[in-house]
Amino acid sequence: MGVVLNLDGKRGAASVASLMDLTADEMARVNELILSKAGSDVELIPELAKHLIDSGGKRLRPMVTLAAAQMFDYEGEGHVKLATSVEFMHTATLLHDDVVDESDLRRGRKTARMIWGNQASVLVGDFLLGQAFRMMVEVGSLDALDILSTAASVIAEGEVLQLSVAKNLETTEDEYLAVIKAKTAALFSAAAEVGPVVAGATRNDRAALRSYGTNLGLAFQLVDDALDYGGKSSDLGKNVGDDFREGKVTLPVILSYRRGSPDERAFWKSAIEDNQCDDAALEKAIGLLHKHGAIGDTIGRARHFGEIARDALAPLRPTPQKDALLDVIDFCISRVT
């Protein structure tokens, strides 16, 4: 089921190998800190946290934090704690998301809620958020604390906003972009900005990384939206078609619904609003998305935000870290092949 997305205009094979190489030593310290701070005398907490931490993923956000600090020749340890805080915030968000979305799988494994239940998942997510804020305080940067605490608040607002537009096929593109800017882009933005903050960079440098992170996050989420209708579970960290089955109104659906005939709109209402979303409905949905160019246009939007992220870094001096962060943009877009 599904299709392979091949899109013209790519820059070629892209990876995060350079970013991983540049941050390898510090990521080893981040991983040690993750294991340490996820520990607790309450047995269920480290057990559940370890399940999600070990489930895979490239840990892109903390690597962005580390590289962004390196760009400005930071030599302390604060960026390691901030990178760990960023990863804990992300992990907590995944735990909470899986409960809200009633997800069964994440990266091919049972979600924590399926093993330990919704209550434990939410509470362990809260524990990880608490540990994240403790590490922020230990760093001693009020600016960094402000950036990450604001991001935590914005992410929660994004979750509530998503609930308010759930299954609403009249959602506009602008309304949807507001949701993903809060839910996804806010943490990418904070992860990128706290690096230069702890390194003592200028306001202009901070603004450049903040813009980079925001637009990278928007591109990343839009690619995820497209992949849900034609990618692989290994790329998504969830089952292909999950957004459709959960009745999520993502950008491809918004575009296809608005461009469709009355009969096609009736299909979307039946599938999304009335939960008529079996495998046959998914196949039909994929056909309509391609008929109306909704997948290609979603990727076009992702490329647009990727170029804004690229331009945001343009004024910064050349460094290996800058090149690696630019590679991340290509990597995010390249997931659609």
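Student: Is Cys277 buried or exposed?

Tutor: Cys277 counts as buried, because its relative accessibility is 15% and buried means under 20% relative accessible area (exposed is over 50%, partly exposed in between; 1.4 Å probe, protein chains only). Cys332 is also buried, at 0%. This is a predicted model, where local features need pLDDT of at least 70 and side-chain atom pairs count only at pLDDT 80 or more, while totals for chains, interfaces and linings use all residues. Residues are numbered from 1 along each chain as its sequence is written, and side-chain values use heavy atoms, with hydrogens and water left out.

Student: How many disulfides, then?

Tutor: The count is zero disulfides, where a disulfide is a pair of cysteine sulfur atoms within 2.5 Å.

Student: Switching to rings. How many aromatic pairs are there?

Tutor: There are four aromatic pairs. Rings of Phe, Tyr and Trp (its six-membered ring) pair if their centres lie within 6.5 Å; planes under 30 degrees apart are stacked, over 60 edge-to-face and the rest tilted. One of the pairs is Phe188 with Phe220: the centres are 5.3 Å apart and the planes are at 45°, so this pair is tilted.

Student: Where do Phe188 and Phe220 lie?

Tutor: Phe188 is in helix H8 (residues 173–198) and Phe220 in helix H9 (residues 203–227), so the pair ties together parts 32 residues apart in sequence. Helices (H or I, at least four residues) and strands (E, at least two) are DSSP runs, numbered from the N terminus. Phe188 is buried at 1% relative accessible area, and Phe220 is buried at 14%.

Student: What sits over the ring of Phe220?

Tutor: The charged end of Arg61, 5.6 Å from the ring centre. The rule is NZ of Lys or CZ of Arg within 6 Å of the ring centre and within 35 degrees of the ring normal. Arg265 does likewise over the ring of Tyr257, at 5.9 Å from its centre.

Student: Now Glu26. Which helix is it in, and what does it touch?

Tutor: Glu26 is in helix H1 (residues 17–37). Leaving out residues up to four places away in sequence, Glu26 touches Leu66, Gln70, His79 and Val80, with contact meaning heavy atoms within 4.5 Å.
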